[in-house]
Amino acid sequence: MPTLTKIFSMQEISQHNERDDCWVVIDGKVYDVTSYMDEHPGGDDVLVNATGKDATEEFEDAGHSKDARELMQQYFIGELDLTPVIPELEIFTKEQPAYKVQKLMNKVTKHWAVPATIVGISAIAGILYLRKK
């Protein structure tokens, strides 16, 4: 019976970004290197800096040996989900005010002094301008 490979999203991988919970992505494969921290020849700082993200470039730049690449297989836990992420669309109705407009209105009502000051200064400047004529 073939084993199914677990697929992880980058969001899920990024949550494993500490010394005691350390995942890295190399060439689209996900590795849990938490138990390898003390054994890593380059020190645990190298792994901690690469954790929770795609570390392919750093891994290749370090020039790892064939033995190191074989050793990685015992830490393999799955693959990176490479399907494109499509953002969710927000649908607004006429009865429901748009989120951004509502957010702006909340700021205006919360910080009413700024627009009131601008209107006041404009009114005073207009009156002074008309008095000079």
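These legends go with a few close-up views of a predicted model.

The model is predicted, so local features need pLDDT of at least 70 and side-chain atom pairs count only at pLDDT 80 or more, while totals for chains, interfaces and linings use all residues. Residues are numbered from 1 along each chain as its sequence is written, and side-chain values use heavy atoms, with hydrogens and water left out.

**View 1. Phe8 meets Trp23 edge-to-face.** Searching the whole structure turns up 3 aromatic pairs (rings of Phe, Tyr and Trp, its six-membered ring, with centres within 6.5 Å; planes under 30 degrees apart are stacked, over 60 edge-to-face, the rest tilted). Here the ring centres of Phe8 and Trp23 sit 4.9 Å apart with planes at 70 degrees, so this pair is edge-to-face. Phe8 belongs to strand β1 and Trp23 to strand β3, so the pair ties together parts 15 residues apart in sequence (strands are DSSP runs of E, at least two residues, and helices are runs of H or I, at least four, numbered from the N terminus). Phe8 is buried at 4% relative accessible area, and Trp23 is buried at 9% (buried means under 20%, exposed over 50%, partly exposed in between, with a 1.4 Å probe and protein chains only).

**View 2. Tyr36 and Tyr75 make a tilted pair.** Their ring centres are 5.2 Å apart and their planes at 50 degrees, so the pair is tilted. Tyr36 comes from the loop between β4 and α2, and Tyr75 from the loop between α4 and β5, 39 residues apart. Tyr36 is buried at 12% relative accessibility, and Tyr75 is buried at 10%.

**View 3. Lys29 lies over the face of Phe76.** The distance to the ring centre is 5.8 Å (a charge sits over a ring if NZ of Lys or CZ of Arg is within 6 Å of the ring centre and within 35 degrees of the ring normal).
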